[in-house]
Amino acid sequence: LAIETELREALRADQLRLVYQPIVDLRSGDLHGVEALIRWHKPDGSSVSPDLFIPIAEQSDLIVDIGRWVMGRALRDLASLKGTALQALKVHVNMAASEFTSTALPDLLRAVAQELAVPASQVVLELTEGMLMRQPEQVVRVMHELRDIGFEISLDDFGMGHSSLALLKNLPIRSLKIDRSFVRDLPTGERDRAIAQTIVDLGRHLQLDIIAEGIEGDDQLGVLRACGCRFGQGWLLGRPLSLKALVHRFPNGR
Ligand code: G
Ligand code: G
Ligand code: MN
Ligand code: NA
């Protein structure tokens, strides 16, 4: 509970930050988009991982405030890129389960995007398979509404949950992200390789973009390219960067 109080205070004191990790087109090497990742650096110099504080925030209303802060920050950052080479950048935003089960989400996001004059088509909402399983009907309805407004939806951590192929077939999603646990063992593991290839093939048949996560080595990148995987992210391709560093790193927008 102490951490929840501290986190609330950090939010109020504006101590949370967003960093942006490049998502790269594996064929051309061009920048395809970025994933926004939240960071909490405490005034004492220590930091807390979102792996730790997001689940805690999810146990209370705090996740709603954090989710709004993340969306506001990400969209203001996008708006600030107008007139630069990165003005058409797509920004992926991680969503918490409780956000996606709220029927108020579509109107809320539409209002934020309108207020900041950011096209919804530049915003990609990432949700995990696990979230989909909680209240599938409600989540799928919210997904359709968001898609109809123009937001893109990406299924994160794909392969870790239990989403049935029957459900997947009818989801209004644009992309699937191959979980990094599969990517990790790619160079040596025949079975992980088979899984990656299967996801890529699935994507081709369902017309979904595939984004591989956690690419750390050239060997992994090579296998993914050989599988026909179109997009990827990971430390090899780019560490998460502040907005300023991102603009500096991609002066031509790609
Ligand atoms: O950035 P890092 O690898 O430490 O993130 C750890 C976890 O926190 C990941 O599962 C990621 O999806 C999640 N996460 C990062 N930023 C956000 C955010 O802004 N909102 C939510 N809900 N989760 C986030
Ligand atoms: O659950 P989600 O896919 O949103 O988590 C993304 C997390 O993965 C981020 O916290 C980010 O810091 C982390 N990440 C990004 N690239 C790499 C990588 O190459 N290796 C590892 N181990 N983690 C990564
Ligand atoms: Mn993600
Ligand atoms: Na993921």
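This is a predicted model: local features need pLDDT of at least 70, side-chain atom pairs count only at pLDDT 80 or more; totals for chains, interfaces and linings use all residues.
Some ground rules. Local features need pLDDT of at least 70, side-chain atom pairs count only at pLDDT 80 or more, and totals for chains, interfaces and linings use all residues. Residues are numbered from 1 along each chain as its sequence is written, and chains are lettered from A and ligands numbered from 1 in the order in which they are written.

Ligand 1 to begin. Around it sit Leu37, Ile38, Ser49, Pro50, Asp51, Ile54, Val70, Asn94, Met95 and Ala96; near means a C-beta atom, placed from the backbone, within 6 Å. Strand 2 (31-41) and helix 2 (50-57) each give two or more residues. Helix 2 has the largest share, three residues. Helices here are DSSP runs of H or I, at least four residues; strands are E, at least two; both are numbered from the N terminus.

Now helix 10, residues 190-206. Its 17 residues should span 24 Å at 1.5 Å a residue, and the end C-alpha atoms are 24 Å apart, so the two agree. The expected span takes 1.5 Å times one less than the number of residues.

Which residues of helix 10 are buried? Asp192, Ala196, Ile199, Val200 and Gly203. Buried means 20 or more other C-beta atoms within 10 Å of a residue's own, exposed means 12 or fewer, with C-beta atoms placed from the backbone. The face turned away from the buried side carries exposed Glu190, Arg191, Ala194, Thr198, Arg204 and His205.

Last, the end of the helix. Glutamine 207 follows helix 10, with a positive phi near 55°.
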